[in-house]
Amino acid sequence: MNKKALAVLMRARMKPTDPSKLALSPLSKEANQMISNSQEKQSGQDGIRKLDASSKIERSFEHVQKSMHSAISMNKTDMDAELNEFSEGYFSLSHENRQNLLLILAKDYDLNRMQIRELIKQYLGLEPPNVSGSEAQLGSGQEEGFLSAFYRIEQNLRHALKPVYDVLFERLNTHPGGLRFLSILRADILSILAEENIASLRALDSYLKDKLSTWLSPAALELHQITWDDPASLLEKIVAYEAVHPISNLIDLKRRLGVGRRCFGYFHSAIPGEPLIFIEVALLKNVAQTIQEVLWHDPPIPECDSTCALFYSISSTQPGLAGINLGKFLIKRVITLVKRDMPHITTFATLSPIPGFMQWLLSKLASQSKLAAEEDISDSSKDTSTTTFWENMLEPGEERALMDSSENFASGKNGMEVMLNLLTSTNHEWTNSATLLSALKPSLMRLCVRYLLQEKKRGKALDSVANFHLQNGAMVERINWMADRSEKGLQQSAGIMVNYVYRLENIEEYAQSYFSTGHIHTSSDIRHYVEPQSH
């Protein structure tokens with residue numbers, strides 16, 4: 001596909017939520033033909049062909065199951081054709097048959113637990129050699145004889161603790177196109193598990209995730225700076241996979257790859273021409289407070305005047321690699337690279353979305369409003385000591401200001417009910433009133449900080465983006481009011497965004513303390529929102 005076709009795609013404002021459906025936009029015949037030719041050319045280069053709906057060859061479920069068994073059981077010298085047959089057959093299956101096949105793989109090609117039990121019995125029956133005391137002679141022939149029995153059973157246990165499907169994964173990993181296929185396979189597993197928690201399939205997913213984590217270690221990945229001079233096929237993927245701030249047109253794309261901007265991706269040789277994950281960076285004078293100033297506003301400053309590298313978007317391109325923290329290594333590599341090439345950059349920060357805030361807040365407001373109705377609580381002045389689960393989420397001053405300013409916009413028995421009605425209004429009408437914005441700002445900012453710092457899941461931050469940056473060693477520096485006024489930004493977080501800062505001298509310390517205790521490092525400005533105020 002050439003840049004002319006890319007321009008057509010951009011004019012069509014192609015923003016697919018499913019990157020595998022790149023041709024769904026209403027493109028001209030010419031552009032569609034260019035895409036088709038490009039895909040055909042690419043498919044001929046892959047060991048495992050990328051099949052679309054028009055090129056599928058129907059295969060029966062039994063045929064695909066048989067080819068999977070052959071790919072596992074045949075000698076290495078005969079396996080290439082079987083691996084191709086299995087992968088192509090898998091793509092031809094319906095969603096239901098894919099699920100059935102994966103369940104067979106998980107159950108019938110699992111561990112031999114009877115063998116493991118027998119080996120454990122043998123191991124427990126061995127008498128440990130006496131190696132304590134000064135008289136122990138570890139080098140004696142008798143001692144070596146004792147230990148050899150342990151070594152033999154331990155080796156047999158290690159072999160027995162590998163499930164049979166390990167053979168399939170290993171063979172696919174060394175087969176052309178196999179790593180991409182394994183990623184697709186795991187994406188299917190995750191989609192099934194999202195609907196039903198099946199223990200055998202959960203074990204299969206965990207094992208495959210560990211294998212992929214090993215194969216995709218930083219040493220196996222290549223860091224590449226993506227520029228406007230890269231092939232149009234790569235730029236097309238950047239457009240399709242951008243998950244945080246959709247690329248709106250050709251000018252937008254050129255800006256993100258131009259002066260004062262950087263885009264870096266991690267690539268693997270087994271998946272050529274496609275980043276596994278990529279990050280977008282803006283070189284600025286100061287840490288940005290709104291996404292508008294990063295994406296659309298003033299032209300970039302001269303790079304030599306910049307002091308801040310701002311990470312404003314990070315996108316993973318492979319659903320099957322979910323849970324494998326490639327972003328952690330990518331951010332550290334990019335920080336090292338930027339610091340080396342531009343020593344005048346002293347601040348490394350993010351301007352990040354808070355995707356779970358509104359979902360959490362609206363759920364809390366709804367539940368508290370329901371409790372208030374059941375308990376006949378109309379305002380915060382009423383004695384609520386007997387209502388165990390009641391919590392007025394608004395401070396008295398916040399509630400008064402909200403009730404006073406909302407008379408012409410929303411009704412409610414108390415401040416929380418009014419806030420709920422405002423935030424769920426059609427087209428976010430509250431954002432068009434300066435009075436409402438002023439009344440909502442203190443409570444929304446405070447509750448947002450509470451959400452980021454105090455709402456936890458298994459001892460870690462409930463918000464997925466917060467958890468990602470905190471486990472990588474960042475600290476919460478600042479939250480920004482009306483930083484993203486797009487539909488997505490208002491729906492996810494009432495327009496609020498957060499700056500995380502990576503302090504080079506503290507990254508490892510902060511990551512370790514968060515991992516071990518869940519402690520979140522913050523600036524004094526952030527702590528001010530949740531610390532008790534003295535009156």
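Reply: A salt bridge here is a side-chain nitrogen of Lys or Arg within 4 Å of a carboxyl oxygen of Asp or Glu. The model is predicted: local features need pLDDT of at least 70 and side-chain atom pairs 80 or more, while totals for chains, interfaces and linings use all residues. Numbering runs from 1 along each chain as its sequence is written, and side-chain values use heavy atoms, without hydrogens or water.

Searching the whole structure gives 20 salt bridges. Start with Arg98 and Asp188. Their closest N and O atoms are 2.9 Å apart. Arg98 sits in helix α5 and Asp188 in helix α9, so this pair ties together parts 90 residues apart in sequence. (Helices are DSSP runs of H or I, at least four residues; strands are runs of E, at least two; both are numbered from the N terminus.) Arg98 counts as buried at 15% relative accessibility. Asp188 is buried too, with a relative accessible area of 16%. The cut-offs, with a 1.4 Å probe and protein chains only, are under 20% for buried, over 50% for exposed, and partly exposed in between.

Next, Arg256 and Asp252. Their side chains meet in a salt bridge at 3.1 Å, N to O. They are four residues apart in helix α12 (residues 250–256), which means a separation of about one helical turn. Arg256 and Asp252 are both buried.

Then Arg450 and Glu455. The closest N and O atoms of this salt bridge are 3.4 Å apart. Arg450 is buried at a relative accessible area of 13%. Glu455 counts as buried at 19%. Elsewhere, salt bridges with shared partners join Glu242, Asp252, Arg256 and Glu280 into one network.

Buried in α10 are Ser200, Leu201, Leu204, Asp205, Tyr207, Leu208, Lys211, Leu212 and Trp215. They lie on the same side of α10, because they cover an arc of only 170 degrees around the axis. The arc is taken from the directions from the helix axis to the C-beta atoms. Ala199 and Thr214, on the other side of α10, are exposed. The buried residues of α10 pack against α5 (95–108), α8 (165–173) and α9 (178–195). Recall that Arg98 lies in α5 and Asp188 in α9.

Last, the nonpolar side. A nonpolar core is a set of buried Ala, Val, Leu, Ile, Met, Phe, Trp, Tyr and Cys residues joined through side-chain atoms within 4.5 Å. The largest has 108 residues. Phe169, Leu201, Phe357, Leu361, Trp430, Leu444 and Leu452 have the most contacts inside it. Helix α18 (residues 434–454) gives the most to this core, with twelve residues. Beyond its neighbours within four places in sequence, Leu361 is in contact (heavy atoms within 4.5 Å) with Met393, Leu423, Leu444 and Leu447. A second, separate core has 16 residues, including Leu284, Leu295, Tyr312 and Leu351.

For scale, the chain has 22 helices and nine strands. Of its 535 residues, 48% count as buried. Among contacts between residues at least 6 apart in sequence, 72% join residues at least 24 apart.
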